[in-house]
Amino acid sequence: MVVVTAWAVSTIGGMAPAAAQVQQVIYIIDKPTAGILNDGAYLLRARLGPESSFLASIRIGFRERFQIGTSFGMQRIFERGDPEFNNQVGFQVRLRLLDELEAPALAVGFDSQGLGEYHAADDLERYDRKSPGFYVVLSKNYALVAGELSAHGGVSWSTEREDDGDPNVFAGADWLLFEHLSFLLDVDAALNDDTDNPDFGRGGIYIDAGIRWFYGESLVMTLIFRDLSGNFGRSRSVGREFELALIDFF
């Protein structure tokens, strides 16, 4: 059965609905993979998080090798007063260079969408958690006794460099344990966010986890547990987010 995730699409053996004929993991929670949407497929997602934040995006696949997307976020939409819109619109592009055979799949891309608020004051020009920017990523799938595991890792160079311009490394895993349930893990080394500014990273790593439920042919719900490592400077508590996604074809 081919099952569609909120940020990703995974494959396992069996029958598949016609609307979900896609075969690579596209995203785990936030970090990119080497997966590509099929030609003519589009992925819509909407996420609600702490501080009444909202993030919406769309991604479209072309020719089994290339995909583009855009995203936009806002904060405090369910509070008194006016919502706060991010100063930046996010843009995404990805090109797969090598398919997965014996070796992992390889892709390069760009993603300007970070997490949380966008800070334009004091010449910071960055999100709470920086966007990946330019990246190179490898992806590999493994059949397990219990389910199927996809593993991903890469190097990124964010364009948010005012406070720290170092490259970064990231990794992720998606364990599809049951037909309609998978467990997610994202790890961000935050090498480009280890300064002494107490408002952002504390010099450690970010660890995020999630549980994803597939409902019907193309609808997916994900519960995300943000910053299990307590690295975010303004809060050591775990954030909770909910994501709803839809995949279909033009």
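Buried means under 20% relative accessible area, exposed over 50%, and partly exposed in between, using a 1.4 Å probe on protein chains only. The model is predicted: local features need pLDDT of at least 70, side-chain atom pairs count only at pLDDT 80 or more, and totals for chains, interfaces and linings use all residues. Residues are numbered from 1 along each chain as its sequence is written, and side-chain values use heavy atoms, with hydrogens and water left out.

**Salt bridges**

- A salt bridge is a side-chain nitrogen of Lys or Arg within 4 Å of a carboxyl oxygen of Asp or Glu, and the structure holds 18 of them.
- Glutamate 84 is partly exposed, at a relative accessible area of 36%.
- Its salt-bridge partner is arginine 76, with 3.0 Å between the closest N and O atoms; arginine 76 is also partly exposed, at 22%.
- Glutamate 100 and lysine 140 meet through their side chains at 3.9 Å, N to O, in a salt bridge.
- Glutamate 100 is partly exposed at 27% relative accessibility, whereas lysine 140 is buried at 16%.
- Arginine 47 and glutamate 243 form a salt bridge of 2.8 Å, N to O.
- Arginine 47 is in strand β3 and glutamate 243 in strand β17, 196 residues apart (strands are DSSP runs of E, at least two residues, numbered from the N terminus).
- Both arginine 47 and glutamate 243 are buried.
- A network of salt bridges links Asp30, Arg45, Arg47, Arg129, Asp208, Arg226, Glu241 and Glu243.

**Strand β9**

- Of the 5 residues of β9 (115-119), 4 are buried, so the strand is largely enclosed by the rest of the structure.
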